[in-house]
Amino acid sequence: MNRKITVISLSALFIFASCADNTTDPNVSEESFFATEVQPILTTHCVSCHGGTNGVTLSSYASIMSSTGSDLGKTVIAGDADNSPLVQVLEGTANGIVRMPQGGAALSESQINSIRAWINDGAKNE
Ligand code: HEC
């Protein structure tokens, strides 16, 4: 058989196989950038204080998207990291709010950049 065609067919099969995994349930993507890069940071550094159901709630995708602080308002503004309180508190630029995590070491630049990238990409769970 023509070697080139074999390689192309194998690549197509591989791409199809890797997509198939993600299309099982479009609403629950366990391997999303959010699930692998964003939630673990918040779970480790924030949920001890913001894991409830009122105010700033950071324990799941749904709670993050509805999270609203009494001072800064909606925690995540999809598509706009600069104006999202979630980013502002990490960078210590939020008006009147101490840098988060309160009493803990600042997150690394790469952790903050992951959160920035996620928000600027639309804050999706995919
Ligand atoms: C030790 C407890 C504690 C931890 C851990 C913590 N916070 Fe906070 N957070 C607070 C308190 C207390 C306030 C209110 C602070 C203030 O008014 O200055 C607050 C305020 C906030 C606000 C603004 C709320 C508003 O009123 O608009 C945001 C957003 C926030 N935190 C996000 C985070 C994030 C993100 C993390 C993890 C990186 C985090 N916090 C970790 C205790 C904590």
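Mentor: Let's start with Leu-90, which touches Met-100, Leu-107, Ile-112 and Ile-115 once residues up to four places away in sequence are set aside. Two residues count as in contact when their C-beta atoms, placed from the backbone, lie within 7 Å. Please keep in mind that this is a predicted model, where local features need pLDDT of at least 70 and side-chain atom pairs count only at pLDDT 80 or more, while totals for chains, interfaces and linings use all residues. Numbering starts from 1 along each chain as its sequence is written.

The largest nonpolar core has 19 residues, and Leu-86, Val-87, Leu-90, Ile-115, Trp-118 and Ile-119 have the most contacts inside it. Such a core is a set of buried Ala, Val, Leu, Ile, Met, Phe, Trp, Tyr and Cys residues joined through C-beta atoms within 7 Å. A residue is buried if 20 or more other C-beta atoms lie within 10 Å of its own, exposed if 12 or fewer, and partly exposed in between, again with C-beta atoms placed from the backbone. H2, H5 and helix H6 (109–120) each give two or more residues to this core, and H5 gives the most, with four. Helices here are DSSP runs of H or I with at least four residues, strands are runs of E with at least two, and both are numbered from the N terminus. In soluble globular proteins, nonpolar side chains tend to be buried together.

H5 turns up again around the ligand. The shell there has 23 residues, with Cys-46, Cys-49, Gly-69, Asp-71 and Leu-72 coming nearest; a residue joins when its C-beta atom, placed from the backbone, lies within 6 Å of the molecule. Helix H3 (47–50) and helix H5 (85–91) are the elements that give two or more residues to this shell, and H5 gives the most, with four.

Now for His-45, in helix H2 (residues 33–45). His-45 is partly exposed because 19 other C-beta atoms lie within 10 Å. Beyond its neighbours within four places in sequence, His-45 contacts Pro-101, Gly-104 and Leu-107. The C-alpha atoms of His-45 and Pro-101 are separated by 6.4 Å, though the two residues are 56 residues apart along the chain.
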